[in-house]
Amino acid sequence: DFRSEDGLYHQHGVPFYNYEPEYLLNRECLYHNPIVFYEFYRQKLDCRRNQPNAAHFKLAEMEAAGKLNCVVTQNIDGLHQKAGSKNIFEIHGTINRVYCPKCGKEYPSDYLFTNHAVIPKCNCRGQIRPDITLYGEQLPHAFTDAVKAIKKADMLIVAGTSLAVHPANTLLSYFTGD
């Protein structure tokens, strides 16, 4: 996590203490201070070796059994997919998609972690980036899809969130349980 006492923003020995946490994952940092953005991204958001936990597997099992229609997640780590879930709304995007916003070319999911360019550039000279929603950017279409799914749900399980991030914390208001 990011905000807890042991979270990514509070780890000791990290050279990011001069920056507000929200700035490090902000579109302003990506485009106006990209050296800091990519260094933070590479050091702190590399989830490639992370493995799903029992909750991820249980949700996938419930989906496979027809007892769960979808997963709505703020997580960008792709662990729900690794566990076997299929119908996932990643409302903050994912590190598993990397692309050039200038020409649309897609790159391997680990490209930003394995490429050694300080600021990775596409052949078209566009700045390659992860498909995550940064502060200051609009949420992807997955957010609208999540709202639709929640409105239709007859049960909602909320887990693993502080409900502190807006607008994700507003999703609960769409649940009627009808």
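Which residue forms a salt bridge with arginine 129? Select arginine 129 and glutamate 137: the two form a salt bridge, and their closest N and O atoms are 2.6 Å apart. A salt bridge here is a side-chain nitrogen of Lys or Arg within 4 Å of a carboxyl oxygen of Asp or Glu. Arginine 129 is buried, with a relative accessible area of 4%, while glutamate 137 is partly exposed at 23%. Buried means under 20% relative accessible area, exposed over 50%, and partly exposed in between, using a 1.4 Å probe and protein chains only.

Before going on, note that this is a predicted model, in which local features need pLDDT of at least 70, side-chain atom pairs count only at pLDDT 80 or more, and totals for chains, interfaces and linings use all residues. Residues are numbered from 1 along each chain as its sequence is written, and side-chain values use heavy atoms, with hydrogens and water left out.

**Stop 1: the sheet**

Select strands S3 (residues 93-99), S4 (106-107) and S5 (129-132). Strands (E, at least two residues) and helices (H or I, at least four residues) are DSSP runs, numbered from the N terminus. The three strands form an open sheet in the order S4-S3-S5, with antiparallel pairing. Strands S4 and S5 stand at the edges with a single partner strand each, so one side of each has no neighbour in the sheet. Two strands count as paired if DSSP finds at least two bridges between them. Strands of a sheet pair through backbone hydrogen bonds, either parallel or antiparallel.

Now look at each pairing in turn. S3 and S4 are antiparallel and joined by two bridges; for valine 98, the bridge partner in S4 is tyrosine 107. These two strands form a hairpin with six residues between them, and glycine 104 in the turn has a positive phi of about 85°. On the other pairing, four bridges join S3 and S5 in the antiparallel sense. For glycine 93, the bridge partner in S5 is isoleucine 132.

**Stop 2**

Aspartate 131 lies in strand S5 and arginine 97 in strand S3, so the pair ties together parts that are 34 residues apart in sequence. Aspartate 131 is partly exposed at 25% relative accessibility, and arginine 97 is partly exposed at 38%.

**Stop 3: helix H3**

Select helix H3, residues 34-44. How many of the eleven residues of H3 are buried? Eight are, so the helix is largely enclosed by the rest of the structure. The buried residues are Pro34, Val36, Phe37, Tyr38, Phe40, Tyr41, Arg42 and Lys44. What covers them includes helix H1 (21-24), helix H2 (27-32), S3, helix H6 (111-114) and S5.

**Stop 4: aromatic rings**

A search of the whole structure finds five aromatic pairs. The rings of tyrosine 19 and tyrosine 23 have their centres 5.7 Å apart and their planes at 15°, so this pair is stacked. Rings of Phe, Tyr and Trp (its six-membered ring) pair if their centres lie within 6.5 Å; planes under 30 degrees apart count as stacked, over 60 as edge-to-face and the rest as tilted. Tyrosine 19 is partly exposed at 28%, and tyrosine 23 is partly exposed at 26%.

**Stop 5: helix H4**

Select glutamate 61 and lysine 58, which both lie in helix H4 (residues 54-64), three residues apart, about one turn of the helix. The two form a salt bridge, with the closest N and O atoms 3.1 Å apart. Glutamate 61 is partly exposed at 48% relative accessibility, and lysine 58 is partly exposed at 42%.

Terms used. Contact means heavy atoms within 4.5 Å.
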